[in-house]
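Morning, everyone. I have one structure to go through today, and I will take it a piece at a time. Please have the sequence and the picture open.

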Amino acid sequence: MAARSAPRPLPRVAALAAAVAAPVAACALAVRRGESMQRLFPAGRFDAPRGAMRGAGPWFMDAGIAAQVIARAASRSTRIPIDYEHQILMSAENGQPAPAAGWVDPKTLVWREDGDEPGLYGEVKWTARATALLDADEYAYLSPVFPYDGETGAVLDLLHVALTNTPAIDEPILAAMSARYTTTPKEDSMELLKKLLAALGLPEATSEADALAGVAALKTKADGAQAEIAALKGAAPDPAKFVPIEAVQGLQSQLAALAGRINDDEAGRLIDAAMVDGRLTEDLREWAVSLGKSNVAALKEYIAKAQPIAALKGMQTQDKQPSGTGGQGSLSAAELGVCKALGLRPEEYVKGKEVAK
């Protein structure tokens with residue numbers, strides 16, 4: 001087969017989109033007995049044993065591609081699982097659990113150029129069960145599962161690994177990989193990217209670099225806001241800028257009491273005056289007092305619109321002039337009747353009483 005040129009490294013966002021929609025493959029490498037670092041991909045071009053992937057290979061791995069795989073794996077917070085016989089792929093069909101045979105620490109992935117077996121390596125922590133099976137020589141191969149570029153064969157990521165004795169991948173495994181990892185078309189991935197850009201408020205034509213810069217700026221802003229909130233929570237209040245809530249509540253109570261007294265005084269003056277000139281009758285006094293306590297403005301409006309009843313002038317205060325109105329004594333009902341009969345003003349009658357004394 002003619003050699004292919006090394007593929008160009010994909011941009012990070014584009015590579016991720018391609019990985020979601022890319023075809024998936026598996027190959028097999030011998031377990032390195034007694035070593036914690038296991039080879040997960042060989043260097044250069046490689047294929048599945050006995051052509052089991054039916055022409056899907058060959059695949060390609062070099063230092064540049066390995067750097068992308070390492071960076072993508074390191075960005076995750078979870079370890080890479082190693083199962084038995086690709087059970088992670090098969091569990092949906094056979095309903096059986098997929099226990100781990102071991103775990104690859106993604107932060108230990110490293111590219112080894114030298115030696116008799118160059119490639120991508122990672123540190124594996126085997127479970128007790130897997131260790132016993134390996135010691136008993138019951139398992140011999142590792143089979144990584146990975147998406148790849150359908151045109152160049154470049155490995156895009158490392159999904160998980162299987163401990164197996166069947167390097168050639170049979171039809172059920174191939175079908176399971178297809179169902180699990182290749183059901184999302186590339187167009188759907190691009191639509192997802194468009195939605196992400198829209199959620200960020202960015203136009204569809206935004207470049208990867210600009211989008212990443214925008215996300216970084218948002219993160220910086222959020223981190224700054226969290227730091228300010230934390231600082232405010234931990235800082236003691238400045239006495240010159242803050243007043244104790246008890247003092248504020250006390251002032252509010254005093255203002256409310258003062259406003260109440262002012263309203264009562266004003267309402268009292270209004271009611272006294274209205275009683276003198278007949279705009280209020282005695283049976284309305286209690287109602288007027290109650291209204292004045294709750295709404296002086298409404299009392300003012302009512303008295304302003306009320307028509308004085310001439311026959312009741314001066315009679316609504318039990319024949320007494322209200323204090324503070326300039327009255328000159330008090331007249332009984334009989335005396336007021338005299339005034340009315342004689343056509344005298346109350347003030348004239350009062351003067352007459354003083355003279356008579």
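I will start with the whole chain, then go to some strands, one glutamine and a pair of helices.

First, a caution: this is a predicted model. The chain has 12 helices and 11 strands. Of its 357 residues, 32% count as buried. Now take the contacts in the chain with a separation of 6 or more: 66% of them come from residues 24 or more positions apart.

On to the strands. Find β11, residues 160–164. How many of the residues of β11 are buried? Five of the five, so the strand is largely enclosed by the rest of the structure. You can check this face by face. His160, Ala162 and Thr164 are on one side of β11, Val161 and Leu163 are on the other, and all are buried. Both faces of the strand are therefore covered, as buried here means under 20% relative accessible area.

Which strands pair with β11? One of them is β6, residues 80–84, which runs parallel to β11 and is joined to it by three bridges. In that pairing, isoleucine 82 is opposite valine 161. Another is β10, and here the sense is antiparallel, over five bridges. Serine 143 has alanine 162 of β11 as its bridge partner.

Stay with β10, which covers residues 141–147. Six of its seven residues are buried, so β10 too is largely enclosed by the rest of the structure. β10 also pairs with β2, a strand made of residues 29–30. Those two run antiparallel and are joined by two bridges. Alanine 30 sits opposite tyrosine 141 of β10.

Next, a single residue. Glutamine 87 belongs to helix α3, residues 87–94. Is glutamine 87 buried or exposed? Its relative accessible area is 12%, and the cut-off for buried is under 20%, so it counts as buried. Setting aside neighbours within four places in sequence, glutamine 87 touches Asn94, Gln96, Pro97 and Ala98. As for proline 99, it is 12 residues from glutamine 87 in sequence, and the two C-alpha atoms are 8.1 Å apart.

Last, the helices. In α9, residues 285–294, the buried residues are Ala288, Leu291 and Gly292.

The partner to look at is α10, residues 296–305. The two axes come within 6 Å and cross at roughly 135°. Angles over 145 degrees count as roughly antiparallel and 65 to 115 as roughly perpendicular, so this pair is called oblique. From α9, the residues in the contact are Trp287, Ala288, Leu291, Gly292 and Ser294. From α10, they are Val296, Ala298, Leu299 and Tyr302. By class, that contact has seven nonpolar residues, two polar ones and no charged ones.

That is the end of my part.

Notes: Residues numbered from 1 in each chain as written. Predicted model: local features only at pLDDT ≥ 70, side-chain atom pairs only at ≥ 80, totals over all residues. Heavy atoms only, no water. Buried < 20%, exposed > 50% of the residue type's maximum accessible area, 1.4 Å probe, protein only. Helix = DSSP H or I, 4+ residues; strand = E, 2+ residues; numbered from the N terminus. Axes fitted to C-alpha atoms, helices over the stretch in contact; angles between N-to-C directions. Parallel < 35°, antiparallel > 145°, perpendicular 65-115°, else oblique. Contact = heavy atoms within 4.5 Å. Nonpolar A, V, L, I, M, F, W, Y, C, P; charged D, E, K, R; others polar. Pairing = 2+ DSSP bridges.
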